Amino acid sequence: MTGLPGDPPAQAAAPADFSRDQPAQDPGVSRDQPAQDPGVSRDQPAQDPGVFRDLPGQGVVVAQLRRAAAGASALLAGHRPEPGALAHAWLFTGPPGSGRSVAARAFAAALLCGNGGCGQCASCHQVFAGTHADLLLIRPEGLSYGVKQTRDLVLRAAGKPTGGRWQVVLFEDADRCTEQAANALLKAIEEPAPRTVWLLCAPSAEDLVPTIRSRCRVVTLVVPSSAAVAEVLTERDGIDPDRALAAARAAQGHIGRARRLALDASAAQRRAEVLRVPAQATSLGPALSAAAALVRTAEEEAKAVTEELDEPEREALRRAFGEGSTGKGVAKAMRGMAGAMKDLEDRQKSRATRVKRDTLDQALLELALFYRDVLMVQVGADVELANPESDLRQIAASSTPEATLRRIQAIMHCRDLLPLNVAPLLAVEEMTLSLAQG
Ligand SMILES: [Zn+2]
């Protein structure tokens, strides 16, 4: 077996493979070693999903990652890993919600676990809690990730793993790197420290500069079926199967969102408010109030998300600077804290902007999906609908497929305007007026 789909040819991966780490050039030893001796995977029953349990419908990816984790363990044990199984840099791609960061996290756990990613041991728990000493978790909070931050990260990533296995850098939303940041990152990926593994996540491989992309092993996640997502919600979270399936359909394969819709009444409530727009947007006055309601709903949701994060971060910073203590050097430390607090607040502000924009965008996508369903009903297509058919029927009957297409275009146009610093309310008003016109 020579590689799964998505594996680049062996020579293309040369800068990033583990050839430098091969056990001593003693052909005698490695020849005696069966090529397929991952050691670890044999100890683990094939049926036990372990750390990969949250990846419904991603069989190909899970097999690829298991093979790599087994190869990494083989290497640490001084055996020759299966050819092509390993890489120093990985790129996890897939549409939002397909679980690229979940897959990367599971792979990090599998690399750091002495048991192939059992999901039970202290190491696995620490990876999922984000507290493992050998896991550097990077989650850009603003709209971009700068060169200074990246240089700091590259320095930290060059260290030796404290647990004796690997130093794993998990970089979510790596596509937010600025061009200079990408260049700083490239150097680290071209010449990785022997025990460092880079896991980058981005919506698609094209979102990263070609120089980085070509040095990564690409892992491509697919959108799981609603049935696969519902099964996870039912089995793991104990959600009633009908409710799980409705939430999975509404979330279009986005497992985290499906879980929130099934469990969090306010998330379901906000979705219901978004979906009230099509029925409201009928003439000028109601269309404008629908726009105001849509923007307000998105802002409320964004506020709920950021407030939950902001205060604990400020608290942690105050503790780190020992606020309230007395003694020599305290005044100096306090001045240091003021600067750090200002940095933190700037980052939080930038995150709030991003969350607000993402939340409104999510609402617009839901609206577009509603009209996609309307269109499917209008043309009689046999596809799975994200919304209950009863909600769609009246709108489908009172308009034409052409009008529905125009409405979808108006929503997509609004999505294009928002990143251009157009006032959200103005852009959304323009959209709801187009919806009203049909
Ligand atoms: Zn484990």
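**Helix packing and overall architecture**

The axes of helix α17 (residues 401-417) and helix α18 approach within 9 Å and cross at roughly 175°. With an angle over 145°, α17 and α18 are therefore roughly antiparallel to each other. The model is a predicted one, and its protein chain contains 18 helices and five strands.

**The contact of α17 with α18**

- On the α17 side, the contact is formed by R407, A410, I411, H413, C414 and L417, which meet A427, V428, E430, M431, S434, L435 and A436 in α18.
- By class, the residues of this contact of α17 with α18 are nine nonpolar, two polar and two charged.

**The contact of α15 with α18**

- Helix α15 (residues 330-379) also packs with helix α18 (residues 424-437), at an angle of about 10° and with the axes 13 Å apart.
- Because angles under 35° count as roughly parallel, α15 and α18 are described as roughly parallel to each other.
- In this pairing, L360, L364, L367 and Y371 of α15 meet P424, V428, M431 and L435 of α18.
- The contact of α15 with α18 comprises eight nonpolar residues, with no polar and no charged ones.

**The zinc site**

- Which residues supply the protein donors of the zinc ion? They are C113, C118, C121 and C124, each through its SG atom, and the donors lie 2.3 Å from the ion.
- The angles subtended by the four donor atoms around the zinc ion run from 105 to 118°, so the arrangement is tetrahedral.
- Along the sequence, the donor residues follow the spacing C-x4-C-x2-C-x2-C.
- C118 has a relative accessible area of 11% and is therefore buried, whereas C121, at 24%, is partly exposed.

- L135 is located in strand β2 (residues 135-138).
- Is L135 buried or exposed? Its relative accessible area is 6%, which means that L135 is buried.
- Apart from neighbours within four places in sequence, L135 is in contact with R105, A108, L112, V127, V168 and L170.
- Between L135 and V169 the separation in sequence is 34 residues, while their C-alpha atoms are 5.9 Å apart in space.

**Residues with positive phi**

- Most residues other than glycine have a negative phi.
- D173, which is not a glycine, has a positive phi of about 50°.
- The position of D173 is in the loop between β3 (167-171) and α7 (179-190), and D173 is buried, with a relative accessible area of 16%.
- N421, likewise a residue other than glycine, has a positive phi near 65°.
- N421 belongs to the loop between α17 and α18, and its relative accessibility of 73% means that N421 counts as exposed.

**The chain as a whole**

- The protein chain has 438 residues, and buried residues make up 45% of them.
- Of the contacts in the protein chain between residues at least 6 apart in sequence, 72% join residues at least 24 apart.

Terms used
Residues numbered from 1 in each chain as written. Predicted model: local features only at pLDDT ≥ 70, side-chain atom pairs only at ≥ 80, totals over all residues. Heavy atoms only, no water. Donors = N, O, S within 2.8 Å, 3.2 Å for Na, K, Ca; no water. Tetrahedral: all angles 85-135°; square planar, octahedral: opposite > 155°, others 65-115°. Buried < 20%, exposed > 50% of the residue type's maximum accessible area, 1.4 Å probe, protein only. Axes fitted to C-alpha atoms, helices over the stretch in contact; angles between N-to-C directions. Helix = DSSP H or I, 4+ residues; strand = E, 2+ residues; numbered from the N terminus. Parallel < 35°, antiparallel > 145°, perpendicular 65-115°, else oblique. Contact = heavy atoms within 4.5 Å. Nonpolar A, V, L, I, M, F, W, Y, C, P; charged D, E, K, R; others polar.
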